[in-house]
Amino acid sequence: MIPDITPARELRDTCAIVGTATSRLGKVPGVSSLDLLVEAIRNALDDAGLQASDVDGVLCRGPDESYSHHQLLAERLGINARFSTTLTNGGASQIMSVALAVMAIRFGLAKTIVCGFGRDTWSRTHSSEEARVRNETRPESMLAREFGPEYGYFGATAAHAFGATRHMHLYGTTRDHFGEIAVAFREHALRNPDASMKKPLSISDYHAGRLIVAPFGMYDCSLRSDAAGAVIVTSADRAKDMKQPPVLIKGFGFHNNTRGWFADDNMVVTAAKQAGEAAYAMAGLGPRDVDTAQIYDCFTYMVLTQLEDYGFCKKGEGGDFVASGALRLGGALPCNTSGGQLSEAHCEGMLQIVEGVRQMRHTYPEHRQVKDAEIALISGHGGNQVCHSTLILGRA
Amino acid sequence: MMSETIRKPKPRPAPESLPYWQAARDHRLALPKCESCEKFWFPPTRSCPHCLSMNFSFENVSGKGKIFSFVTYHRVYRPAFEADVPYVVALVELDEGPRLLTNILGIPHDQVTCEMRVEVTFDDYDEDISIPKFKPAQS
């Protein structure tokens, strides 16, 4: 057992997100992931009424092959940064960058920090037949050496599908439950003009989709997108006089099931459990206080199991919970209200933070706004399925 | 040339996993076993993840276990597997504890279930490499 920690309650409400934006989303050929990120940051600065010269911290994640990516980014922004680094926890990095910003600002290492992430996955894989073939027939030297490729085991889809199979076995969860998640988020995407997916999706469309790695079919899988997002974090004091209504950072938490996705029960009880408990403790809140959740939806199943791990329902009851319509706008816990990574665009959790901030501002038209939402919970998941981060935001 | 392009990936043993593959070539399933805490682990590394002891040896295991979870590939990720789809990749939990990724042979893909009892069988790749796979247990 790992030792208990005391939640860092003194960090609660000390910082706020004062600007947020995305780049163009979906298919943006000819633009690198770094350029997309600069685009999102420029838009976020405009949103906040700030200049790049007002920023003294840069926290980002790069493409994994990019060395010291924050240097490249800050150079593009034309600034010297007091506090700057690159995170490498996969889809859990984006929330971790916001948390690190809070700690740095609270302890005087920086005043205003930009956090962001961008990727050009659609362009790298779909912009031409040549790009698609290059991505899908990578040389053997780029595969794992052993204990995977020889069995035909490739890709994140299969890794997560193992969890789905196990959950179905233990709890009677069905593809109808996964399908409801895909259908609900598509319905949200149709309300979002920036979302990639424009066509309605019915449960029969879901079942008619071709199987990829069963139990996952095509509609269980998130999009390949060109996308970037950014948020600007500063102290709650400074946030009071700025252009946008500040959105307070109330809590965050982390956990990493680094014994492995295939170890213990990690594929059905994810690190969202401990990360969520830590975030709730810092915020002084619990699952009943959450009005909207923006859950890392790389695959439908991951939404279902995280909802259980965050305590919105009991372990094993996620199927019934989603079948109740809870995730839909107007439901008990509207989730992924921009369409999520399944239907808006996939930016490894960054867009979930953007959407959480926007819901807390109450500036959406009625058909997109979670009514009277005061608290948003956001999740990040990545790093070979075991790294998890949780962020809780609230209205000032 | 053609046969080279459609061949499935050949395992390239790391130095620490070489004894595993040497045993597999002799159709034995052997895993690192700690001499301090007497637990097995997988994949092979040079220290015991249970107690960090560096004293260990490769010991034969029963080759019997059960399916913890599995997936069925319908999409062809690499051309070498085109003839195999739909095929099952399973996580088998050995009776000795460790879990191994593997294929399940000798049973239609839609009859594989979690908890099914399985036993090891060996798929000879070439004269150097035999790949441990699993099939439904006979008894």
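Let's begin with chain B, which has 2 helices and 7 strands. When I say helix or strand, I mean DSSP runs numbered from the N terminus, with helices being H or I of at least four residues and strands E of at least two. Along the sequence, the pattern in chain B reads α-α-β-β-β-β-β-β-β. Its radius of gyration is 16 Å, close to the 14 Å that the globule rule gives for 139 residues, so chain B is as compact as a globular protein of that length. That radius is taken over C-alpha atoms, and the rule is 2.2 Å times the number of residues to the power 0.38.

A quick word on what you're looking at. This is a predicted model, where local features need pLDDT of at least 70 and side-chain atom pairs count only at pLDDT 80 or more, while totals for chains, interfaces and linings use all residues. Residues are numbered from 1 along each chain as its sequence is written, and chains are lettered from A and ligands numbered from 1 in the order in which they are written.

Back to chain B: its C-alpha atoms fill a box of roughly 45 × 40 × 25 Å along the principal axes. Buried residues make up 32% of its 139 residues. Buried means 20 or more other C-beta atoms within 10 Å of the residue's own, exposed means 12 or fewer, and partly exposed is in between, with C-beta atoms placed from the backbone.

So where do the two chains meet? Here, 29 residues of chain B are in contact with 27 residues of chain A; contact means C-beta atoms, placed from the backbone, within 7 Å. On the chain B side, strands S3 (64-73), S4 (87-94) and S5 (99-103) each supply at least two residues, and S3(B) gives the largest share, 5 residues. There's a strand link here too: 2 bridges join S5 of chain A (residues 211-214) to S3(B), and the two run antiparallel. Two strands pair if DSSP finds at least two bridges between them. In this one, Val213(A) has Tyr73(B) as its bridge partner.

Now over to chain A. Look for the open sheet of 9 strands, in the order S3-S2-S4-S7-S1-S8-S11-S10-S9, with mixed pairing. Its edge strands are S3 (83-86) and S9 (292-294), each pairing on one side only. At the S9(A) end, 3 bridges join that strand to S10 (residues 375-382), running parallel, and Gln294(A) stands opposite Ile378(A). Helix H3(A) packs on the sheet, touching strands including S1 (15-22) and S2 (57-61).

What about the residues in that helix? Arg106(A) sits in H3, which covers residues 93-106. Arg106(A) counts as partly exposed because it has 15 C-beta neighbours inside 10 Å. Beyond its neighbours within four places in sequence, Arg106(A) is in contact with Leu11(A), Thr14(A) and Cys15(A).

Last stop, the largest nonpolar core: of its 154 residues, Val98(A), Val231(A) and Val233(A) touch the most other members. A nonpolar core here is a set of buried Ala, Val, Leu, Ile, Met, Phe, Trp, Tyr and Cys residues joined through C-beta atoms within 7 Å. Outside four places in sequence, the contacts of Val98(A) include Cys115(A), Ile249(A) and Leu391(A). In soluble globular proteins, nonpolar side chains tend to be buried together.

Definitions and conventions
Contact = placed C-beta atoms within 7 Å. Axes fitted to C-alpha atoms, helices over the stretch in contact; angles between N-to-C directions.
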